[in-house]
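I opened this notebook page to keep track of what I looked up, going from the whole chain down to single residues.

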Amino acid sequence: MSYLLSLKLHNFRCYEQAALGDLGSGLIVLHGPNGAGKTNVLEAVSFLSPGRGLRGAKVMEMQCRDAGEPWAVAAQVETKHGAVRLGTGLDAQTEKRTIRINGENAKSQSALADYVSCVWLTPQMDRLFIDAARERRRFLDRLVFAFDPGHSGRTTRYENAMRQRSKLLQDDDTPDIAWLDALESQMAETGTALAAARLEFTQRLQRACDKSDSEFFPQANISVNGTIEELLGNAPALEVEEMFAYQLKQSRGQDARAGGAVTGPHKSDLAVRYAAKDMAADQCSTGEQKALLIGLILAHARLIAAERGAPPILLLDEVAAHLDETRRAALYDLLESLGGQVWLTGTEEKLFEAVQDKARFFEVKDAQIKPAQRPACLRSVS
Ligand SMILES: Nc1ncnc2c1ncn2[C@@H]1O[C@H](COP(=O)(O)OP(=O)(O)OP(=O)(O)O)[C@@H](O)[C@H]1O
Ligand SMILES: [Mg+2]
């Protein structure tokens, strides 16, 4: 299992300096008023795994306003390889994110995946089922990425090839055909691999969803809707690649006028249904949508635990506030049974009363973080 033992922030968003120690596995509660800095802490934790973090922000956005030195996040992490020091921050010269593992620079962010995997749920995700397909596609790709860091490279290569093809089709009346063919073959190859990875992952996630028996966080039926995914259900990948390349060739005229490409995995959507009601998620009530989403995130965490042998670090931003007392208690039970480190935030300390003897509490106020001086929780946390 991997979990943070301690965390330090330097010039990160609203924090000039902040430190949290004695974290341990299990539940960690950050409570405090709006704008205090709770989500910023979760975002800092999310940067200890590969990717663009829980807000999908650009690396310069994290720089604390008016602070000179570049931002940095450091953590002592307990892992299956023993305790490891992980660090990340802004390299002022390149304006890129640097990664340090036990004091040594790592070549790429993907090195972090060996130590930490993070799964999160934020209030922005509440609209996931009613938002545009793009958001759900990104959500699905992030879930796949948690297992397979190569997934992000595939997506980037596909999108780059598509962009270059669009430019060629739109800017040039007599485009270089050999170059077009090469770009389309790259789109076909990476696009098919991308769709296959989504499809295969969705089937595994469905099996994890099917194992859930919580009455409060209902089972979901999930599938990926997309032309390439559909073709993959009926033909081997190599054939699908050829068909996709052929389709691209056929749609050059149309794509020159409209931009992008008429078909491809950049148009796919993640379809989610409330299994017991057989109802599309976007038709469900707000509370049902939230419960479905929590159920999906928990299934994903269980899948990571089963396949990797250790649960991920869960970052649940303002999840407790949306649930009634019974559902909150059910959530805390599920989180405990998962057995990993879980970060929870909320404006009210009383939302976490049910876990007051089990969780570590921190009070966040005006960009200061203090361990809550509550005898009950200090006494009984082992
Ligand atoms: N780069 C930055 N430099 C300085 N302050 C920043 C930066 N980015 C964000 N902030 C500030 O950090 C503060 C805390 O934000 P955060 O989202 O962590 O609050 P929160 O405690 O989660 O609040 P809420 O309960 O409303 O969600 C905000 O006031 C925000 O304006
Ligand atoms: Mg917040």
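Entry one, overall fold. I noted before anything else that this is a predicted model. I counted 10 helices and 15 strands in the protein, and I found a radius of gyration of 22 Å, close to the 21 Å that the globule rule gives for 382 residues, so the protein is as compact as a globular protein of that length. Along the principal axes, the C-alpha atoms fill a box of roughly 75 × 55 × 35 Å. I also looked up burial, and 42% of the 382 residues count as buried, while residues 24 or more positions apart make up 71% of the contacts with a separation of 6 or more.

Looking at Leu-344 by itself, and setting aside residues up to four places away in sequence, I listed its contacts as Leu-27, Ile-28, Val-29, Leu-316, Val-319, Ala-320 and Phe-352.

I located Cys-209 in helix α4, which spans residues 177–210. Is Cys-209 buried or exposed? It counts as buried, because it has 23 C-beta neighbours inside 10 Å and the cut-off for burial is 20 or more. Beyond four places in sequence, Cys-209 is in contact with Gln-219, Ala-220, Ile-222, Gly-295, Leu-296 and Ala-299. I also checked Ala-275, which is 66 residues from Cys-209 along the chain, and the C-alpha atoms of the two are separated by 10.0 Å.

Key: Residues numbered from 1 in each chain as written. Chains lettered and ligands numbered in written order. Predicted model: local features only at pLDDT ≥ 70, side-chain atom pairs only at ≥ 80, totals over all residues. Helix = DSSP H or I, 4+ residues; strand = E, 2+ residues; numbered from the N terminus. Buried ≥ 20, exposed ≤ 12 C-beta atoms within 10 Å, placed from the backbone. Contact = placed C-beta atoms within 7 Å. Rg over C-alpha atoms; globule rule 2.2 N^0.38 Å.
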